[in-house]
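Here is a briefing on one protein chain.

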Amino acid sequence: MNEFVETLLELTWHEPKSSYDVVIVGGGGHGLATAYYLATRHGITDVAVIEADYIGSGNSGRNTTIIRANYGIPESIRFYQHSQALYGRLEEETGCWIMHATKGLIWLAHTESAMRAERARVLLNTACGAETVLVTPGEIKQLCPQIDLAGGGRYPVVGASYHLPASTARHDRVVWAYAQGAMQRGVHVIQGTPVTGFLHHGEKVVGVRTARGDIGAGVVMSAVGGDVSTFAGHAGLRLPIRTHPLQAFVTNGYAPGFGPIVSDTELLCYISQTGRGQMLIGHEYERETSYSRQSSFQFLQANAAKMSYLLPFVRDLKILRQWTGRCDVSADFSPIMGFTGVDGFVISTGWGTWGFKAIPAGGEQMAELIATGTTPELIEPFSLTRFALDHPLADQGSTGTR
């Protein structure tokens with residue numbers, strides 16, 4: 001068990017001060033990564049990360065740890081390729097073992113229409129430099145010997161795209177790595193402190209109200225997951241966001257050696273093997289909007305059945321635990337990063353099912369925006385103003401399960 005318990009962390013907790021240069025609301029991956037890069041890239045250390053519960057208790061601790069860049073629009077491909085590169089260097093940079101492992105991602109297709117979509121994805125990915133290829137059923141079997149290409153006689157596999165650099169990392173270790181790196185440089189991380197509103201000077205946001213008192217700030221950033229619409233509403237900001245529950249579960253251990261991540265865009269499910277040998281299985285977010293974190297038997301029943309058709313060995317495994325996160329999905333299925341139009345308030349939201357893979361790049365780019373007052377080129381297309389300008393970045397198919 002010690003192999004999976006972090007023993008070298010140096011986490012120093014602080015009482016909140018009366019004011020900071022930057023206050024980041026939300027102690028998940030995006031909030032902590034922004035604080036880390038503010039300190040390491042820009043020398044800005046008078047920063048507080050304020051978390052209502054404990055760090056990583058929200059969506060960062062309730063995701064399925066997949067890292068990829070095989071998206072359907074050039075803007076997203078460039079962004080997530082950069083995040084992949086940062087993930088590849090994160091262990092060396094922070095000195096923390098995040099259990100990063102390159103596995104490759106197979107996106108299965110069962111119909112000719114799905115294969116056309118994957119051919120188009122491969123062409124676009126290749127043009128943008130993301131290593132993705134088409135594979136035949138025979139090649140899929142070589143990559144994943146456990147798969148039943150007949151799909152139990154119900155879902156025959158006709159082909160797939162294969163994203164070679166796709167990987168996974170341990171979610172809590174990513175959170176701890178950024179927290180430790182930020183704390184070592186003087187950032188305050190404050191847990192158990194709900195933020196209940198904003199402080200204003202005229203129309204400018206100049207701080208936050210918390211359960212432990214008011215805290216002033218030169219800039220306030222929202223890295224809130226799940227409750228972002230309510231939180232932004234405190235600043236008079238209405239966001240084009242809908243929140244949906246997203247469920248997943250893990251089984252007991254399976255023999256090591258299940259190599260790739262397998263995703264199915266028609267059956268709306270995916271599977272990978274964790275560092276402990278458990279099989280991690282998930283599916284699309286729930287169709288109805290909700291803030292609920294309650295898991296359901298219906299999800300287990302439907303998802304286990306679909307996965308059993310593709311990978312028969314799953315039938316012999318036992319479900320250990322399941323969980324539910326909350327996905328903030330934007331109107332065009334792409335994230336929202338940058339200025340909000342409210343002076344002193346910036347935001348990182350709309351991450352849907354793909355927020356974990358974006359943590360390094362999202363944090364780095366938001367840190368640059370805060371430090372320089374200018375939107376970096378990489379995230380400029382993801383500005384909130386794109387909706388008013390009618391420049392959406394529609395990429396619904398790239399959620400992997402929609």
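Met99 is buried, as its relative accessible area is 15% (buried means under 20%, exposed over 50%, partly exposed in between, with a 1.4 Å probe and protein chains only). This is a predicted model, in which local features need pLDDT of at least 70 and side-chain atom pairs count only at pLDDT 80 or more, while totals for chains, interfaces and linings use all residues. Residues are numbered from 1 along each chain as its sequence is written, and side-chain values use heavy atoms, with hydrogens and water left out.

- Met99 sits in the loop between helix H2 (74-94) and strand E4 (101-102). Helices (H or I, at least four residues) and strands (E, at least two) are DSSP runs, numbered from the N terminus.
- The phi angle of Met99 is near 60°, a positive value in a residue other than glycine.
- Phe333 also has a positive phi, near 70°, and is a residue other than glycine.
- The loop between strand E17 (319-330) and strand E18 (336-339) holds Phe333.
- Phe333 has a relative accessible area of 13%, so it is buried.

**An exposed glycine**

- Gly129 belongs to the loop between helix H3 (112-127) and strand E6 (132-135).
- Is Gly129 buried or exposed? Its relative accessibility is 53%, so Gly129 counts as exposed.
- From C-alpha to C-alpha, Gly129 and Asn70 are 10.0 Å apart in space, and they are 59 residues apart in sequence.

**Two buried histidines**

- His110 is in the loop between strand E5 (105-109) and H3. With 12% relative accessibility, His110 counts as buried.
- The His110 side chain makes a polar contact with the side chain of Asp264, at 2.4 Å. A polar contact is a pair of N or O atoms within 3.5 Å; within protein, one must be able to donate a hydrogen and the other to accept it, and residues adjacent in sequence count only if both atoms are side-chain atoms.
- Beyond its neighbours within four places in sequence, His110 is in contact (heavy atoms within 4.5 Å) with residues including Tyr155, Pro156, Asp264, Glu266 and Leu310.
- His283 is part of strand E16 (residues 278-283). Its relative accessibility of 11% makes His283 buried.
- Which side chain does the side chain of His283 meet in a polar contact? The partner is Glu286, at 3.5 Å.

**Aromatic rings**

- The model has 15 aromatic pairs. Rings of Phe, Tyr and Trp (its six-membered ring) pair if their centres lie within 6.5 Å; planes under 30 degrees apart count as stacked, over 60 as edge-to-face and the rest as tilted.
- Phe198 and Phe231 form a tilted pair, because their ring centres are 4.9 Å apart and their planes are at 45°.
- This pair links distant parts of the chain, 33 residues apart: Phe198 is in strand E10 (residues 195-201) and Phe231 in helix H6 (residues 228-233).
- Phe198 and Phe231 are both buried.
- A cluster of Tyr71, Phe79, Tyr80, Trp351 and Phe382 is linked by ring pairs.

**Helix packing**

- Helix H1 (residues 29-42) packs against helix H5 (residues 171-184) at an angle of about 35°, with axes 8 Å apart. Axes are lines fitted to C-alpha atoms, for helices over the stretch in contact, and angles run from 0 to 180 degrees between N-to-C directions.
- On the H1 side, Gly29, Leu32, Ala33, Ala35, Tyr36 and Tyr37 make the contact; on the H5 side, Val175, Tyr178, Ala179, Gly181 and Ala182 do.
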